[in-house]
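Here is a colleague's note for a first look at this structure. Please keep the view open while reading the points.

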Amino acid sequence: MHRFMKQIFHILFIFSALSIYAQNSVPSIAGARGAGMANASVTFSDIHSAFSNQAGLANLEHFSVVAFAEQRFLLNELQTVSAAAAYPTASGTFGLTLQHFGFEDFNEQKIGLAYARKLLDGLSLGAQVLLLNTRIPEYGSKANITFELGIITQLLPKLQLGAHVYSPAQLELANGENLPTVFKLGLAYLPSEKLLCTAEVEKDIDYPVRAKFGIEYQIVEPVHLRAGVATNPTMLAFGVGYQLNTLILDIASSYHQTLGFTPTVGFVYQFKKKQ
């Protein structure tokens with residue numbers, strides 16, 4: 001009897017966590033790089049921008065791909081696998097994002113088509129159309145389409161501002177549950193080529209404002225150390241990145257004050273042309 005009750009509690013906990021942390025219910029993290037900085041990533045200007053603020057893709061110089069996986073609170077049922085590719089052209093940067101979240105009895109998929117373009121020197125815009133699909137074998141599947149928009153501008157030589165909105169028009173995911181609308185506004189300060197400091201506020205229209213702060217420091221040429229903190233709920237994060245020519249390996253972990261650790265691992269590859 002005790003074992004049976006324990007299994008029931010485990011199942012209820014998983015589905016409760018799924019309802020809060022389902023991938024289609026929140027904007028995505030910006031890979032293992034973003035995870036190591038408490039996802040204070042709205043000003044990123046690399047391939048990770050495909051997830052955090054598509055305007056940053058306008059600054060890509062080479063065809064790039066990223067893939068990463070996270071296991072929330074060390075639970076197999078809360079695992080997310082994500083990948084993105086972006087190709088810069090004279091007409092702007094085009095991107096594709098793919099994500100899978102969940103397990104056999106509950107899973108979600110997200111497919112995105114992104115576009116970003118520089119409008120002026122120091123000003124870029126980006127957007128992404130998203131196809132969301134939620135599948136529960138006993139109840140079938142439901143698909144939705146939404147979009148996200150972003151902007152990045154250079155305020156001062158060492159200061160950038162980024163803004164992003166996820167799903168401006170609220171859509172119904174299931175009976176009584178809507179896809180959230182989330183606004184993000186952040187700053188990036190680069191006092192030197194080796195140091196990046198980010199600060200960001202995030203507002204889900206149904207929840208209190210969340211503040212996030214991150215730092216990234218290049219201790220030696222191939223190694224970046226990262227750390228971050230966020231509020232509502234309180235979360236600490238840390239990570240490291242190691243670059244081997246055109247390949248970057250990233251490892252990160254965040255710590256939730258109640259639910260524990262969430263490890264993330266990923267890689268980035270840039271297809272640079274040979275000189």
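1. Start with a ring cluster. Phe63, Tyr87, Tyr269 and Phe271 are joined into a cluster by ring pairs. Rings of Phe, Tyr and Trp (its six-membered ring) pair if their centres lie within 6.5 Å; planes under 30 degrees apart are stacked, over 60 edge-to-face, and the rest tilted.

2. A word on the model and its numbering. This is a predicted model, where local features need pLDDT of at least 70, side-chain atom pairs count only at pLDDT 80 or more, and totals for chains, interfaces and linings use all residues. Residues are numbered from 1 along each chain as its sequence is written, and side-chain values use heavy atoms, with hydrogens and water left out.

3. How many aromatic pairs does the structure hold? There are six. One of them joins Phe51 and Phe68, and this pair is edge-to-face because the planes stand at 80°, with the ring centres 5.2 Å apart.

4. Buried means under 20% relative accessible area, exposed over 50%, and partly exposed in between (1.4 Å probe, protein chains only).

5. Compare Tyr255 and Phe261. Their aromatic pair is tilted, with 4.7 Å from centre to centre and 50° between the planes. Tyr255 counts as partly exposed, at 34% relative accessibility. Phe261 counts as partly exposed at 39%.

6. Arg33 deserves a look. Arg33 lies over the face of Phe44, 4.0 Å from the ring centre. The rule here asks for NZ of Lys or CZ of Arg within 6 Å of the ring centre and within 35 degrees of the ring normal. Arg33 also forms a salt bridge with Asp46, where the closest N and O atoms are 2.9 Å apart. Arg33 lies in helix H2 (residues 31–35) and Asp46 in the loop between H2 and H3, so the bridge ties together parts 13 residues apart in sequence. Both Arg33 and Asp46 are buried.

7. Now the other salt bridges. The count comes to seven, a salt bridge being a side-chain nitrogen of Lys or Arg within 4 Å of a carboxyl oxygen of Asp or Glu. Lys212 bridges to Glu200, with the closest N and O atoms 2.9 Å apart. Lys212 sits in strand E12 (residues 210–220) and Glu200 in strand E11 (residues 195–204), twelve residues apart. Lys212 is buried at 1% relative accessibility, and Glu200 is buried at 3%.

8. Follow Arg226 next. The side chains of Arg226 and Glu216 meet in a salt bridge of 2.6 Å, N to O. Arg226 is in strand E13 (residues 223–230) and Glu216 in E12, so the contact ties together parts ten residues apart in sequence. Arg226 is buried, with a relative accessible area of 8%. Glu216 is buried, also with 8%. Shared partners join Arg33, Asp46, Glu216, Arg226 and Asp250 into one salt-bridge network.

9. Most residues other than glycine have a negative phi, and most peptide bonds are trans. The peptide bond from Asn232 to Pro233 is cis, with omega near 0°. Asn232 has a positive phi, near 50°. Pro233 lies in the loop between E13 and strand E14 (235–244), and Asn232 has its place in the loop between E13 and E14. Asn232 is partly exposed, with a relative accessible area of 48%.

10. Asn39 lies in the loop between H2 and H3. Is Asn39 buried or exposed? Asn39 is buried, with a relative accessible area of 12%.

Definitions and conventions: Helix = DSSP H or I, 4+ residues; strand = E, 2+ residues; numbered from the N terminus.
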